[in-house]
Amino acid sequence: MDEKNSPEEPLLWTVSEAARQLAVCPRTVSRLVAENILPSVKFGRAIRVPKQAVLDWVEAQTRYNWGC
């Protein structure tokens with residue numbers, strides 16, 4: 001099976017899961033979501049962050065910082 005579509009790895013992360021992956025506190029992820037810096041999906045009051053959005057954001061930040 002394709003690694004991107006692995007059934008063990010969810011497509012959406014909770015704010016806490018995204019924070020753990022980024023090694024930051026959940027409040028930081030919540031702020032990025034609130035400022036529309038990091039895309040999110042809402043299910044009622046629950047906020048989920050797409051895994052691919054986090055990976056894309058990190059890659060964009062890395063490329064941006066290389067140019068400094």
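**Figure 1. N36 comes after helix α2 and has a positive phi.** The phi of N36 is near 60 degrees. The model is predicted, with local features requiring pLDDT of at least 70 and side-chain atom pairs pLDDT 80 or more, while totals for chains, interfaces and linings use all residues. Numbering starts from 1 along each chain as its sequence is written, and side-chain values use heavy atoms, with hydrogens and water left out. Helix α2 itself covers residues 26-34; helices (H or I, at least four residues) and strands (E, at least two) are DSSP runs numbered from the N terminus.

Figure 2. V29, L32 and V33 are the buried residues here, where buried is under 20% relative accessible area, exposed over 50% and partly exposed in between (1.4 Å probe, protein chains only). Viewed down the helix axis, the buried residues of α2 fall within an arc of 100 degrees, so they line one face of the helix; the arc is taken over directions from the axis to the C-beta atoms. R27 and A34, on the other side of α2, are exposed.

Figure 3. V33 is part of α2. Why does V33 count as buried? Its relative accessible area is 10%. Apart from neighbours within four places in sequence, the residues in contact with V33 (heavy atoms within 4.5 Å) are L38, S40, I47 and V49. V33 and V49 are 16 residues apart along the chain, and their C-alpha atoms are separated by 8.3 Å.

**Figure 4. Packing of α1 against α2.** Helix α1 spans residues 15-22, and its axis lies 8 Å from that of α2 at an angle of about 110 degrees. Axes are lines fitted to C-alpha atoms, for helices over the stretch in contact, with angles from 0 to 180 degrees between N-to-C directions. The two helices are therefore roughly perpendicular, a label for 65 to 115 degrees (under 35 is roughly parallel, over 145 roughly antiparallel, the rest oblique). From α1, the residues V15, S16, A18, A19 and L22 meet P26, V29 and S30 of α2.

**Figure 5. The open sheet of three strands.** The strand order is β1-β3-β2, with antiparallel pairing; two strands pair if DSSP finds at least two bridges between them. Strands β1 (12-14) and β2 (41-43) stand at the edges with a single partner each, so one side of each has no neighbour in the sheet. Ignoring direction, neighbouring strands are turned by 40 degrees against each other on average. Strand β3 (residues 46-50) pairs with β2 over three bridges, and K42 stands opposite I47 of β3. Helix α1 packs on the sheet, where it touches β1 and β3, and its direction makes about 95 degrees with that of β1.

Figure 6. P10 sits in the segment before β1. Its relative accessible area is 38%, so P10 is classed as partly exposed.

**Figure 7. The protein as a whole.** Three helices and three strands make up the secondary structure, and the elements run β-α-α-β-β-α from the N terminus on. The protein has 68 residues, of which 21% are buried. Among contacts with a separation of 6 or more, 43% join residues 24 or more positions apart.
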